[in-house]
Amino acid sequence: LTRYEFVLAARLVALAQVGIQANFAQLRAYKARFPMAKFELPENIYTDDFDMTEFEKAIKHEYDVETGKWRRTLVNVVIESAPFSQGAMRAAYHMRDLSASGDRAFVAKIAKTPGTPVSQYFDDVRMQTESEKWARAFNSKRVPKRVEFIAAWVVELIDRTERPLCGVERFVPGTYVKYNNNWDWSDDRRNTPQAFSHFTWEESKHTLLICDIQGVADMYTDPQIHSIDGTGYGQGNLGMRGVSKFLDAHTCNSICRFLKLPARKGKVVDTGTVVEGNLTLATLTGHGPPTRTTGRGPVGLGAGLEAREAREKLVQELNGQWQRQMGEMQAKARAKVKARLEAERGKMERDHALALQEQQQILEEQRGRLEAEKADWLECEERKLKMELDRRLEDHRIKHDRAALATLLL
């Protein structure tokens, strides 16, 4: 029933209870005296794409980087049946979140290979969320170009069979570009992405490095985090091998120098955003030597042979300092790993000795039980033999007595 039909039926019942059999004219008069408000939406009040014909329920899993915990909410989503883009491992689908306010356009990334570990989706979202924290720290240094990691979360499609998972993030239109990977390749035509990766290593006190930077302009997605112990952050976390490989191949640029990061490599090449001091900025598109802009016109960065030699000497000193720091850090890491292995070995030996002792105790108990059972069995057999011997002696005595009696009777 509609609301109008329900109220009309209630009025008929009320009139019948007081003995009035209402006809059509009476109902019209009653309605005129007591009009019923009717709710109607104004025409063309909404212009959005709130289409519920193909929606499905889902659970939205979000990671809180401050507390390190996950939270979940129930949402309604619409995912297109055909992907708009595909990679080697995942397919990307346009998705709308009907529970969201404002922009509802998102991208759902679903693995193409069945049996993808659940942890992979949560590791990817955790890395992207933690990377945004380091992006805020990078932006706080007043860098020429700010960076951002697109907010991401895991969506569990509970209306589908086996409740598949997908990684979801806001849809960003534009050209998708990869700036570096998680090993030793980087596109040095852009300074900001390479400087950000270098910055995360220094800012984290040499505990992690964020790489595999990619996205639209400086809105990044799908990063990879290398940690010094190689734990967490998915299968792409290559630990110190990945960190060392990336830093060995990294060439510091003007953003690195602007942030006063320890220099990497003796070669200094600027082809992207160039910073001189705190005021002047030039964006270069070619591969030639950069220039700085002053009030007197363009001036070359190389101020002569002496300045070049001094810069190379400084770079060598900083490189040597970095090598020493890396050696000390690796020595500490090896010592820590060795101590942990020794502790684990000691624990394993203690556990092994305890297990042997328990096994020996069990064997002794079993041996004692077997000895007792053997003694009981021998005693039982001895009693049986004795009883058999007594029986046979008794039978022999009876036969002898009978024979003697028979002799006497004869």
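## A tour of salt bridges

Start by selecting R383, which is partly exposed at 45% relative accessible area (that label covers values between buried, under 20%, and exposed, over 50%, with a 1.4 Å probe and protein chains only). Before you go on, know that this is a predicted model, where local features need pLDDT of at least 70, side-chain atom pairs count only at pLDDT 80 or more, and totals for chains, interfaces and linings use all residues. Residues are numbered from 1 along each chain as its sequence is written, and side-chain values use heavy atoms, leaving out hydrogens and water.

About one helical turn separates R383 and E379, because they sit four residues apart in helix α7, residues 305-409 (helices are DSSP runs of H or I, at least four residues, numbered from the N terminus).

Next, select E381 and K384. Their closest N and O atoms are 3.9 Å apart, giving another salt bridge. These two are three residues apart in helix α7, so about one helical turn lies between them. E381 has 27% relative accessibility, and K384 has 47%.

Slide along to R397 and E394. What is the distance between the closest N and O atoms of R397 and E394? In this salt bridge, 2.2 Å.

Last stop: pick R90, K109, D124, E169 and D222, which are linked in a network of salt bridges. In total, the structure holds 25 salt bridges.

Notes. A salt bridge is a side-chain nitrogen of Lys or Arg within 4 Å of a carboxyl oxygen of Asp or Glu.
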